[in-house]
Amino acid sequence: MTITELPRTAAPDDPVSYAPTAVSDAPTFVSDAHDFVSGADKRKPIKAGGDRLMTVLSVAVAAGGPLIGAIGFAMSYSTLAKKALSWGFSESLAPWFPVGVDASILVFLALDLYLIRKDTPWPLLRMAAHVMTFATIWFNASSQGHITDDPVRAASHGVMPFLFVIGVEAGRRLFIKKTQLEAGKAIDRIPLHRWILAPFATPRFYRQMRLHDVTSYPEMIARQQELTGYEQWLKRKYNGDLSRASEDERLPMKMAPHGYTVKQALALPEQQEREAEERAEEAERRRLDAQTRREIALKRAEADRLEADGELEAVRARVEGKTAQARAHAKAQANAAERASELEEQALETALVAEARARQAEADRKMSQEREAQAAADLRAAELERQAAEKRNQAARADREAAAEAQAVETQAVAEARKATAEANRLAAETEAAAAETRRRAAETDRRTAEEVARKANADAETQAARRRAAEAEAAAAETRLAAAETERRAVEIEDEAKATPRERAVRRVARMAFAAGLVADGLAYEDIHHELRERISIADIQRELTVSSTDTASKYRQEAGALIAHGYRP
């Protein structure tokens, strides 16, 4: 055996993984308790006869345990029932006192076993069961008087509950062991002889087992032997000077208080280097992933920026187009207003001419009325002359009659002269009547002509008045269009300065259409404004004015315009 060889008494060799390079020449150790079994811990196999013995013992326990429990319960019941009567319990409640005490013991123990089965033990239940058991023993022992007066008699009454507790504890121990074996958590107890033979080292041994959750006693022994063998190997390697050993070689001694085996401690450097490499690889992978995500994010941001620039250019083009359209519309309305102003001036001039013509027609009408009055006067004069002529005719006839009467006395010459005079007078009267009739007809003709001229003048005056009213209406419409064009121009400039979106421009334009249609929103409620909008602006008007084909879009524009007006918008 060389100085670097491991003593054969430490642990058997096992082909396992080697430690790092710093201690690559160290021997390998096995810390598994299943591979290390000392000679003192080797157990003899159970023979077939032992199985029959276990069966007999199980039957005896199964039959004797309940029997002892039933006897102890019966004796305890009778004793405690009498004791309860002596303590002042009523006859109806006294029999239930021992039932409650003994039942509490059974229930607490059953709950303790159930929680152990569920791997959630609660020691308080076991303590409560023991307290109730002690109370039962005390009640039974003191039922025959003071315990010190007759200890044997008191012990005879308390021994049966004590035996019951011993049996329950034995069953509990078996049940716990079975549960631990089924769950794979069986804990080997340190033998009693170790506590006796090594009273100072065993507590440390027990502490190491509990601190590092080592449930196998042989495994803990193997760990100690493995560490001791390794330490002795290092001393022999370095001639007893462990300070010459490297840090990695001294790891098993440093890490043993923390629950590491020799194998685990020697593997720590390699494991840590491997984990460090894995962490470095993971960090590099995360860095590359982050760089990739960053590049993807930059490309996506660039794509989004280019897309946003395209959308911005499209929106700017639409806005500039609409702005140019609005300005052209405003310019056209301004030109139309100027043309309307010129037409208004021409209409005013035409109205002045028409008014002059109307005054001339009025003068002609008055002149015709004067002529008609003159004709009527002439007609009356002719009528008077006619009457005078008739009177002269009557006078002539009277003269003729008188002449006829005086024919006898008058001479023929005188009669002829008178006749000629009468005939001349007659002819003159007829001529005068014809002239009067001619003058009357002329006056009637003049009157009709004057009436016709007056009617024509009135018609001309009404025509000129209608034209004047039309010119005034056209001038008012031109002023309205000019004001609307100016309002639209100012609104477009304001929207340009505010960088309004196309939808906001459309909504504001609908609102201006409502005000142009005569909407007066002051003092109106929100619903009234929407009602007025529906009354004054139709969906078709909005579609035609904004050049939209969707009726739903036009309806939404009208609703948003109503909300805008309700919030105080005024063009």
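In which helix is Glu-277 found? Select Glu-277 to begin, and the residue turns up in helix H9 (residues 262-405), where helices are DSSP runs of H or I with at least four residues, numbered from the N terminus. The model is predicted, so that local features need pLDDT of at least 70 and side-chain atom pairs count only at pLDDT 80 or more, while totals for chains, interfaces and linings use all residues. Residues are numbered from 1 along each chain as its sequence is written, and side-chain values use heavy atoms, with hydrogens and water left out.

A patch is made of residues with over 30% relative accessible area and no salt bridge, like charges being joined within 9 Å and nonpolar side chains (Val, Leu, Ile, Met, Phe, Trp, Tyr) within 5 Å; a salt bridge is a side-chain nitrogen of Lys or Arg within 4 Å of a carboxyl oxygen of Asp or Glu. Glu-277 has a relative accessible area of 49% and is partly exposed, given that buried means under 20%, exposed over 50% and partly exposed in between, with a 1.4 Å probe and protein chains only.

Next, select Ile-68, Val-159, Phe-162, Leu-163 and Ile-166, which form a nonpolar surface patch with about 410 Å² of accessible area together. Helix H4 (residues 151-183) gives the most to this patch, with 4 residues; Ile-166 lies in H4 and, at 45% relative accessibility, counts as partly exposed.

Move on to the aromatic pairs, of which the structure holds 3, rings of Phe, Tyr and Trp (its six-membered ring) being paired if their centres lie within 6.5 Å, with planes under 30 degrees apart counted as stacked, over 60 as edge-to-face and the rest as tilted. The ring centres of Trp-195 and Tyr-206 are 6.1 Å apart and their planes stand at 55°, so this pair is tilted. Because Trp-195 lies in helix H5 (residues 192-197) and Tyr-206 in helix H6 (residues 201-211), the pair ties together parts that are 11 residues apart in sequence.

Now select Asp-213, in the loop between H6 and helix H7 (217-237), where phi is near 55°, a positive value in a residue other than glycine. Asp-213 is exposed, with a relative accessible area of 63%.

Finish at Ala-561 in helix H14 (residues 551-566), which counts as buried at 0% relative accessibility; its C-alpha atom is separated by 5.1 Å from that of Ala-511, 50 residues apart along the chain.

Conventions: Helix = DSSP H or I, 4+ residues; strand = E, 2+ residues; numbered from the N terminus. Areas by Shrake-Rupley, 256 points an atom, 1.4 Å probe, with all protein chains shown as cover.
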